[in-house]
Amino acid sequence: MAKAEVSLEHLFRVFTKPEHDDSTLAKIERHLSDNVSDFLSQHVVTKKTSLEEIEQDFSSPILPDSPEFVSSHAQSLLEKLVAHSVNTYAPTFIGHMTSALPYFHLPLSKLMVGLNQNLVKIETSKAFTPLERQTLGMLHNLIYSQSDDFYARYLHSAEHSLGAFCSGGTIANITALWVARNHLLGPKPGFKGVAKAGLVQAYKHYGIENLGLMSSRRGHYSLGKTVDVLGIGRDNMISVESPKQILSPELALKVGKAYQESGNKLLAIVGIAGTTETGHVDPLNELAEVAKELGCWFHVDAAWGGATLFSGKYRHKLKGIEKADSVTIDAHKQMYVPMGAGMAIFKDPAASNSVRHHAQYILRQGSKDLGSTTLEGSRNGMAMMVYSSFHILGRRGYELLIDRSIEQAQAFASMIDRHPDFELITSPVLSLLTYRIRPQVLSHLEELSEDAQQNINHQLDALTVSVQKQQREAGKSFVSRTRIEVEQYHQQAVTVFRVVLANPLTTEDDLQAILDEQLAIAKQHKIFKSLHAINQAKIA
Ligand SMILES: *Cc1c(COP(=O)(O)O)cnc(C)c1O
């Protein structure tokens, strides 16, 4: 390892751009700029496959004592880190909500990092703060479409905010429900409000036994973190049974009423616009009415599905989202923005005043500092990447991308449906679907007894797990897996492949190749062989 001298002169050079730069770092930079996907595609199959092997490269707890030359460090990053990173750009990487990014983010992100603004307060961000407020306003408009007067009045108002920018959907959910909690348990005569007096006093003054949060069984695990952080307690996360993968308004009302009749209070109903596991959208319009009847907040978790609002053709699937008090959207999912961009959007521009915080040295009263209503403190200028994407792709560009993903998911679903050895488990509502391998000899599975189904499902579960792992390790493609209860098998939980279509460069040939590979792996498996033999014997 080439060690640099330990001197201030050397460190000054590290802080400045070299005049003639032919270092490894410069080469990496050029290589990345030339073609990021080329660069990444060299590393689809990594030499080291096991995590334990990779851990060997990161095993020393000793902090390096002396400086190292940037070039030599860059070289070691190439070898240890880049070579073993996951290629999320591959068109056959269709297992997660993280996908390829448009190329322009690479040069533009240099602006963000280079300027190193801190959005917590205007003194360290200036133009970035108005930009962030405008970006939040654009999303507010996309969801709620208020009048020009409304946006002229609130977009840059020091006493209001149309949303909170944060690092992701988890923080956005926590922020939205923090606002909801402080709103519900706010100040009243004789009580200073939960923000000052705390939960114990709040429950006492409002005569509440417990506060609860309701969502379908498919609610994202960040909601569990939310009730924990907010002090409500995980036992008060009411996950309502959802046989059809959605929260039934009738059941929500029934469960909510029963909960409130026993001395509790429902903080909020969370409607999900695109569940993480199956991509289903709750009946938002009806759930908004249920929330109204129960007198609670209505939050919509559209972290993944929110981008559907760009599509004139499919935005109707999110009908009722405009009735939500707050909405979570992740720009780092279907909005093709780099990791670390989430937003909570509030219908009422005054809503976030329930969490407003002032400090003397920053965040002074009446300032437009965004830090006074965000959970996080120091934050980077990630809003710029959202702002730029909105301009470079445009609503119509996004519409094309979203429509393509949804229609490709539909096409993939029919490929699976037509294939005798595969079974579509959940059809795509948006661009996410689940399926599994079910050998043709078992096409009558739905007609068998519950016990017989259970027995076979156990074997198919093991087959799915095994195929998914082997396919991942082979390194050509990646499909994820999850376990869900399904209607067609008496609510038995089954293990399924999960596919999220997002990369516009994924082709139908890629999808066909993924199915072919899965079936080829399965056919080598003893479970497939024995299921085949047994059932063929039965049929004969
Ligand atoms: C991804 C996701 C989240 C969490 O977002 P992060 O950005 O991972 O924190 C929450 N809810 C839903 C529905 C999601 O898809």
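What follows covers the domains, one interface and the ligand site.

This is a predicted model: local features need pLDDT of at least 70, side-chain atom pairs count only at pLDDT 80 or more, and totals for chains, interfaces and linings use all residues. Residues are numbered from 1 along each chain as its sequence is written, and side-chain values use heavy atoms, with hydrogens and water left out.

The protein chain is assigned domain 1 (8-87), domain 2 (126-380) and domain 3 (405-539). Such bounds come from an automatic or database domain assignment. The C-alpha centres of domain 2 and domain 3 are 35 Å apart. Their contact (heavy atoms within 4.5 Å) takes 21 residues from domain 2 and 22 residues from domain 3.

How much area do domain 2 and domain 3 bury between them? About 1,700 Å², with 51% on carbon and sulfur atoms. Buried area is the accessible area (1.4 Å probe) that two parts lose on being put together, summed over both. On the domain 2 side, Glu-277, Trp-304 and Tyr-314 supply 28% of the area buried against domain 3, more than any other three residues.

Three salt bridges link domain 2 and domain 3. The term means a side-chain nitrogen of Lys or Arg within 4 Å of a carboxyl oxygen of Asp or Glu. Arg-217 and Glu-485 form a salt bridge at 3.7 Å, N to O.

Now the ligand. Of the 15 residues around the ligand (a heavy atom within 4 Å), Gly-169, Thr-170, Asp-301, Asp-330 and Lys-333 come nearest. A side-chain N or O atom of Thr-170 sits 2.6 Å from a ligand oxygen. For Lys-333 the corresponding distance is 2.9 Å.

Terms used. A polar contact is a pair of N or O atoms within 3.5 Å; within protein, one must be able to donate a hydrogen and the other to accept it, and residues adjacent in sequence count only if both atoms are side-chain atoms.
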